[in-house]
Amino acid sequence: NICSATLRDSDVLGRIGGEEFILLLPDTPKTNAEQVAERMRSSLANTVIKYGEINLTITASFGVTSFTADDDTLEEMIERADTAMYAAKNGGRNQVKTAA
C-alpha cells in the first residue's frame, strides 16, 4: 500500500523474486523515474510498523534504468536495474542508484 500510494494508474508494481520487485513506469524519463524511486524509498523508510510492543522500520534499495534503442528484451533492462540495485545494496543500502 505504501508503494502503490506513490504511483499512477498506468504504473505497474510486481514481485519478481523473493525480496525483489519491479516497477514499470511507462512514458517516464529516467530522471523522473529516479524521483519516483526516491519518493517510494523515503516513504518506506519513514513508515513505522507496529508489531505488538515492537516498532519496525524497513528500508529498500532501488536500481533505476530506462528503455534504450539497444534493448532487445525486457530482461536486458532488468539486468541493468538489478546491477544498479546491487550497487545500492553494496553502497550501504536504503538508497537509489541509476544504471549507467
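These are my notebook entries on a predicted model of a protein.

**Entry 1: the overall layout**

I started by looking up the secondary structure. The protein has two helices and six strands. Going along the sequence, I wrote the pattern down as β-β-α-β-β-β-α-β.

**Entry 2: inside and outside**

How much of the protein counts as buried? I found 27% of the 100 residues. The accessible surface comes to about 6,900 Å², and carbon and sulfur atoms hold 51% of that. Then I turned to contacts.

**Entry 3: charges**

I looked up the charged side chains: 10 are positive and 15 are negative. The centres of the two sets lie 9 Å apart. A reminder to myself: side chains of opposite charge can pair when their charged atoms come close.

*Arg8 and Asp11.* Their side chains meet at 2.6 Å, N to O. Which partner is buried and which is partly exposed? Asp11 has a relative accessible area of 12%, which is under 20%, so I put Asp11 down as buried. Arg8 comes out at 40%, so Arg8 is partly exposed.

*Arg41 and Glu38.* This salt bridge also has an N to O distance of 2.6 Å. Where do the two residues sit? I found both in helix H1, which covers residues 30-45. Arg41 and Glu38 are three residues apart there, about one turn of the helix. Arg41 is buried, because its relative accessible area is 13%. Glu38 has 33% relative accessibility and so counts as partly exposed.

*Asp71 and Arg80.* Here I read 2.7 Å, N to O, for the salt bridge. Asp71 is buried, given its relative accessible area of 8%. For Arg80 I noted 22%, so Arg80 goes down as partly exposed.

**Entry 4: two backbone angles**

Last, I looked at phi. Most residues other than glycine have a negative phi, so I wanted to see the exceptions here.

Arg93 is one of them, with a positive phi near 70°. Where is Arg93? I traced it to the loop between helix H2 (74-90) and strand E6 (96-98). Is Arg93 buried or exposed? At 51% relative accessibility it is over 50%, so Arg93 counts as exposed.

Asn94 also has a positive phi, about 55°, and it is not a glycine. I found Asn94 in the loop between H2 and E6. Its relative accessible area is 26%, so Asn94 is partly exposed.

Technical notes
Residues numbered from 1 in each chain as written. Predicted model: local features only at pLDDT ≥ 70, side-chain atom pairs only at ≥ 80, totals over all residues. Heavy atoms only, no water. Helix = DSSP H or I, 4+ residues; strand = E, 2+ residues; numbered from the N terminus. Buried < 20%, exposed > 50% of the residue type's maximum accessible area, 1.4 Å probe, protein only. Areas by Shrake-Rupley, 256 points an atom, 1.4 Å probe, with all protein chains shown as cover. Lys, Arg positive; Asp, Glu negative; His and termini not counted. Charge placed at Lys NZ, Arg CZ, Asp CG, Glu CD. Salt bridge = Lys/Arg side-chain N within 4 Å of Asp/Glu carboxyl O.
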